[in-house]
Amino acid sequence: MKASLDRVVERLKAARRALVIGHVRPDGDAIGSVAALTLILRWLGKEAEGCIPDPVPWFYREIPGTRVLRSVEELRGREFDTTVVVDTSSLSRIGTAAELLSGQEPDVVIDHHVTNTGFGALNFCDPSYAAVALIVHEIGKRLVEYDRELAELLLLGLATDTGFFKYGNVDAQVFEAAAELTRQGASIQPIASAVLEHRTPNTMRLLVEMLSTLQLEAGGQLAYAYVSADMLRRTGCSEEDTEGFVGELRAIHGVEVAVLFSEWPEGEVHVSLRSKSYADVSRVALAFGGGGHPRAAGCTLKVARLAAAIPPIVAAARRLLEGG
Ligand code: 5GP
Ligand code: MN
């Protein structure tokens, strides 16, 4: 059922033992929103846990509030009367955390993806919010006093989903919320440093390898490249080290659509799609069983080799640019 924010707030207030879940391959918005909502519920006197189904990339751990996050293993067997899924467009995106729902639909879904399927008992999904952290902020400010840690988690989500305040989803509401969170003690510098300045020498070697696979098509409007399992092994990197790589492809002058193919985990190819100003890449992701936003979307193909994933996606991206 589609729910108003008031309904969601009432449902959260009724919780006693709550579980908040984010998506696989977590980004800053999922991490910040899950941790922040968990803290808000705890301050309301509830037993609350926050779960991220995949390992949280190490550099996000520099943000102190992320210590509340738990893995699926750590929460196995626990009972909850209220389950909340955030920043997630479909149930399959919570991966192994599905087992914590014991076959029930989530009680509340809070999201901002245009492709959200409405898989909860109560669904609040509004794509006009630049980040789910903004929705959690709307909820949080009605319920609790913030401390620095909570404000920082929300600013983390807001900053990452707006590309540190430079994407087309940045409006006055985003800056107003950023100012509120800054007044409550959050500081953008440690967040920017953790998220944007964490590349290791090995990651830089992987970036060089990735850039050496760069292809440009459609008169320079389409850029694509890949990270193979072999490249990860050679450089001693893991998939989380590719965070931000697709942004380097989009940063090329004249590029509208950027695509990064990552061969990870074994037997799968993850496709990250980005656009700069007008192309709706969520349409390509949806056509291949994924989803996302108009300017940032993704899908995962169950194919054994990169060579099988690249041509169909590139053809679809070309058609998108041709207006098809
Ligand atoms: P990324 O390219 O960083 O993995 O993901 C970009 C955006 O696309 C995120 O908003 C993410 O939620 C969405 N996304 C990425 N992969 C998938 C997928 O396999 N399925 C769905 N539904 N969405 C995805
Ligand atoms: Mn988000």
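Visitor: What makes strand 2 (residues 47-51) count as largely enclosed by the rest of the structure?

Guide: Four of the five residues of strand 2 are buried, so the strand is largely enclosed by the rest of the structure. Buried means under 20% relative accessible area, exposed over 50%, and partly exposed in between, with a 1.4 Å probe and protein chains only. Strands (E, at least two residues) and helices (H or I, at least four) are DSSP runs, numbered from the N terminus.

Visitor: What kind of model is this, and how are its parts numbered?

Guide: This is a predicted model, in which local features need pLDDT of at least 70, side-chain atom pairs count only at pLDDT 80 or more, and totals for chains, interfaces and linings use all residues. Residues are numbered from 1 along each chain as its sequence is written, chains are lettered from A and ligands numbered from 1 in the order written, and side-chain values use heavy atoms, with hydrogens and water left out.

Visitor: How do you know that strand 1 (residues 17-21) and strand 2 pair?

Guide: Two strands pair if DSSP finds at least two bridges between them. Strand 1 and strand 2 have five, in the parallel sense, so they pair by that rule. Ala-18 has Ala-48 in strand 2 as its bridge partner.

Visitor: Which strand do two bridges join to strand 2?

Guide: Strand 3 (residues 69-70), which runs parallel to strand 2. There Arg-70 stands opposite Cys-51.

Visitor: Why is Ala-151 called buried?

Guide: Its relative accessibility is 0%, so Ala-151 counts as buried. Ala-151 is placed in helix 5 (residues 148-161). Leaving aside residues up to four places away in sequence, Ala-151 touches Tyr-146, Leu-181, Gln-184 and Ala-186, where contact means heavy atoms within 4.5 Å.

Visitor: Are Asp-29 and His-112 buried or exposed?

Guide: Asp-29 is buried at 0% relative accessible area, and His-112 is buried at 3%.
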